[in-house]
Amino acid sequence: MPRSTALTLRFVQLAVGLFLYGASVALQVRAVVGVSSWTVLTQGLENVLPWSFGVITTVSSLVILLFWIPLRQKPGIGTLCNALAIGPAADLVLWLVPEPGTLVGRVLLFVGSLVLLAVATACYIGAGFGTGARDGLMVGLHERLGWPVWVARTAIEVTVVVVGWLLGGDVGVGTVVAAFAIGPMVQPLMRHFRRFPWSPVREARPTPATPVPDPAPSIRH
């Protein structure tokens with residue numbers, strides 16, 4: 001495949017992944033059973049700022065990128081696209097999708113949002129254009145301060161949930177479920193998005209003559 005064609009298809013994959021990511025976040029909000037950690041913070045900020053959910057998502061992403069400077073992280077084009085695209089996508093889906101009228105409907109919507117979030121995450125990361133602002137913050141703390149990744153991730157997640165909850169964000173069962181479910185859901189999907197002919201980190205399909213890949217390959221950006 002020509003390099004220019006592969007690059008174009010990677011950009012398409014990035015755009016689709018980021019739109020679906022914003023949509024999945026909006027569906028979590030509409031489900032009203034608790035949202036993931038950063039969404040808790042965004043909802044809390046909605047209570048104190050005269051901006052829409054999507055605008056706050058975009059502005060907060062840009063603010064987080066400022067913390068990359070002392071951590072010496074370098075954003076990729078995917079990082080900037082992530083910061084600018086997810087917020088508008090979330091606002092659009094929030095405008096289109098109403099809150100379900102029953103508990104069963106809200107639970108089903110939340111489950112669907114988690115599946116969509118996992119697919120969207122694997123899709124945009126698989127395009128190979130760099131991490132999002134929030135993931136880069138975790139990586140920066142790990143590399144510059146020597147914190148284990150799990151410590152950096154936990155410290156960030158707990159901080160944003162507590163601050164968001166104090167500001168009135170929606171903390172519930174869904175918050176806990178999202179915290180434990182997203183990683184295991186994304187991991188197996190990554191290998192599928194690496195099998196595209198244009199993938200920068202391509203994985204071959206197992207054949208009788210090909211060793212079966214490690215069942216839990218690391219996610220590389």
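This is a predicted model: local features need pLDDT of at least 70, side-chain atom pairs count only at pLDDT 80 or more; totals for chains, interfaces and linings use all residues.

Biologist: Start with Asp-170. What does Asp-170 touch?

Modeller: Not counting residues up to four places away in sequence, Asp-170 touches Val-32, Val-33, Gly-34, Val-35, Val-40, Gln-43 and Thr-175. Asp-170 sits in the loop between H7 and H8. Helices here are DSSP runs (H or I, at least four residues; strands are E, at least two), numbered from the N terminus.

Biologist: How many residues apart along the chain are Asp-170 and Ala-31?

Modeller: They are 139 residues apart, yet their C-alpha atoms are separated by 11 Å. For Leu-114 and Asp-170 the sequence gap is 56 residues, and the C-alpha to C-alpha distance is 16 Å.

Biologist: Val-32 turned up in that contact list. Where is Val-32?

Modeller: Val-32 is in the loop between H1 and helix H2 (37-46). Its phi is near 55°, a positive value in a residue other than glycine. Val-32 is partly exposed, at 33% relative accessibility. The classes are buried under 20% relative accessible area, exposed over 50%, and partly exposed in between (1.4 Å probe, protein chains only).

Biologist: Which other residue has a positive phi although it is not a glycine?

Modeller: Arg-72, with phi of about 60°. Arg-72 lies in the loop between H3 and H4. Arg-72 is exposed, at 62% relative accessibility.

Biologist: And Gln-73, buried or exposed?

Modeller: Gln-73 counts as buried, at 16% relative accessibility. Its place is in the loop between helix H3 (53-71) and helix H4 (77-96).

Biologist: Which side chain does the side chain of Gln-73 make a polar contact with?

Modeller: The one of Glu-143, at 3.0 Å. A polar contact is a pair of N or O atoms within 3.5 Å; within protein, one must be able to donate a hydrogen and the other to accept it, and residues adjacent in sequence count only if both atoms are side-chain atoms. Leaving aside neighbours within four places in sequence, Gln-73 also has contacts that include Trp-68, Gly-136, Val-139 and Gly-140.

Biologist: Switching to charges. How many salt bridges does the count come to?

Modeller: The count comes to one, where a salt bridge is a side-chain nitrogen of Lys or Arg within 4 Å of a carboxyl oxygen of Asp or Glu. The pair is Glu-157 and Arg-153, at 2.8 Å, N to O.

Biologist: Why are Glu-157 and Arg-153 separated by about one helical turn?

Modeller: Because they are four residues apart in helix H7 (residues 149-166). Arg-153 is partly exposed, with a relative accessible area of 39%.

Biologist: What does Asp-135 touch?

Modeller: Tyr-124 and Arg-153, not counting residues up to four places away in sequence. Asp-135 is in helix H6 (residues 133-145), and is partly exposed at 25% relative accessibility.

Biologist: What about Leu-114, buried or exposed?

Modeller: Leu-114 is buried, at 6% relative accessibility. Leu-114 lies in helix H5. Not counting residues up to four places away in sequence, Leu-114 touches Gln-28, Val-177, Ala-178, Ala-181, Ile-182 and Met-185.

Biologist: Which residues touch Phe-53?

Modeller: Beyond four places in sequence, they include Val-25, Val-29, Thr-39, Ala-90 and Leu-94.

How values were computed
Residues are numbered from 1 along each chain as its sequence is written. Side-chain values use heavy atoms; hydrogens and water are left out. Contact means heavy atoms within 4.5 Å.
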